[in-house]
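Please give the cut-offs behind each term.

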Amino acid sequence: MNRTTLSLIAGATALAAVTGFAAVSTPDTGPAEQRTGAATLPVERTGLLCPQPSASDLAETTYTSFTPVTEGADDKGTAVLRAAARQSAPDEDDNSEDEKAAEDGESGESGDKEEKDEKGEKGAEKDSGAGKPVLQLREPGKPVAAEADGADAPALVGIAEGRFASGWTAQQTTEVTAGTGRGLQGVACSTADTQFWFPGASTDDSRTDYLHLTNPDDAAAVVDIELYGKDGELETTVGEGITVKPRSAEPVLLSTLTAEKQTDVTVHVVVRSGRVGAAVQALDDELGGDWLSASADPSGSLVLPGIPKDATAVRLVAFTPGDADVDLKVQLASPSGLITPAGNETLHVKGGMTAAFDLGDLTRGEAGSLVLTAPDRSVPVVAAVRVLRGKEGKQESAFIPAARPVETRATVLDNTAEGTTLSVTAPEGDAEIRVTASAGTKGGTPRTKTYSIKRGTTQDVDAPVPTGLKGSYALTVELRTGGPVHASRTLAATEGGVPFFTVQPLPDDRGMVAVPDVGEDLSVLQR
């Protein structure tokens, strides 16, 4: 019995350290003083998936990759993003080649590569067809970027190992100057999973919403897509058994899955076989567009962080799986504390049906985050808001889904000296955070600041900017005490009088994993 238990612990420990997807704890064998402690170690391998940025010939896309410096991380490793359609499974020689390139600086931007191209390396365009790295990190703490123009910019699949794995983050930001979905579209590249929820999508004639599925593996993935409207599940024609080929990306136009035209739809993605990355690209004929990332898992308590203070309209879309109805308590975490929006104290959501609520100019010139709570937190809910900025005729839209908290650390990329707003909320308790601005993609010196966030408030913090910044930079948020905290970043620019913007939540990077002390386990289990 002892040997079996020890083998399981050792196996789980190895899995946790290598993949970052497992956390192990010591069996409860008696009083607390007899239990072993658990150390936290950096993960040693992780993967990211980036959807195809745009189908517009006018699109200009920047890919960015970054790993923060992590104490205790390995001194070797690689972090490489490749075009999904042509990525082959790396073998030992490929890894050696990637590691050598990382050491020699053959890929990506940095301060000593400023002369390559005023718009970046164009690495995405040059390398995607040749099977070479599109974007490759050279050292932790220094982001790299590459650019691609038009509809040929590829979806990306990547793996980080060793010193680059813990906290590895990638982002793509696309500007489209005209046409359906014009505006600034940003999305953080995500890990593969087997289930996703997207409240806030649409099959309406005014919208062109694509669900992008990316398969990182060598075997095909099989996916089912369920759509839920105001009266329940929509009848779909081809939503079941969609095959996503190995190491490829598949965009699915949601309006082709059903004959029903509905303004507000919740998309549920269930992977029957394999795993995928998923994101919805929501494009509007008049109101621009942005990426809708997956909501946090269904929960009786949700936080939607960082609604811009100059939002002119906020539309909340919520869905509860199952048959139970729920009356959601709605609160706004403002700079002065939690308040209840007049006329929207509670919102009724019927089980299995998508509900939408217009909250108007909710923030009224102040930073704010939505906090949604079910009675006794007993009924799970998913939610997202669609936010508009600008005046009629010159408006742009973005989405903020319910987000996981920053439990330890989170990073957001492609920040600029002007136009970056970092919003942080602490809905349940006071918190202290540390924010680090990395070096720039083309040069600069990192800077760090510490902030106190009071319970129930949202703060647009005066985030640091690297000294001597050239290019874009990463912002890393670390929770030091208290919490939990939720955060988001708004990236904004004005083009032709239209306030282009995109919002990305900062979920925890899950770069550390709890690992038990096997030596202590031995002493406990052999008593």
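Among the contacts in the protein with a separation of 6 or more, 81% are accounted for by residues 24 or more positions apart, a contact being heavy atoms within 4.5 Å. The model is predicted: local features need pLDDT of at least 70 and side-chain atom pairs count only at pLDDT 80 or more, while totals for chains, interfaces and linings use all residues. Residues are numbered from 1 along each chain as its sequence is written, and side-chain values use heavy atoms, with hydrogens and water left out.

The pLDDT, the predictor's confidence in each residue on a scale from 0 to 100, has a mean of 86 over the protein, and 82% of the residues reach 70 or more. Residues 101-131 have a pLDDT below 50, although the model gives this stretch 67 contacts beyond near neighbours in sequence. Residues 521-527 are also below 50, with 16 such contacts. Where pLDDT is low, the predicted coordinates should not be read in detail.

The protein has 527 residues, and 54% of them count as buried. Buried means under 20% relative accessible area, exposed over 50%, and partly exposed in between (1.4 Å probe, protein chains only).

The protein contains 4 helices and 38 strands. These are DSSP runs numbered from the N terminus: helices are H or I with at least four residues, strands are E with at least two. Strand β20 (residues 313-319) joins β24 over 5 antiparallel bridges, and Leu316 stands opposite Phe357 in β24.

The whole structure holds 1 disulfide, defined as a pair of cysteine sulfur atoms within 2.5 Å. Cys50 is joined to Cys189, S to S 2.1 Å. Cys50 lies in strand β2 (residues 45-50) and Cys189 in the loop between β9 (183-188) and β10 (195-201), so the pair ties together parts that are 139 residues apart in sequence. The torsion about the S-S bond is about 105°, so the disulfide is right-handed. Cys50 is buried at a relative accessible area of 1%, and Cys189 counts as buried at 8%.

Definitions and conventions. Two strands pair if DSSP finds at least two bridges between them.
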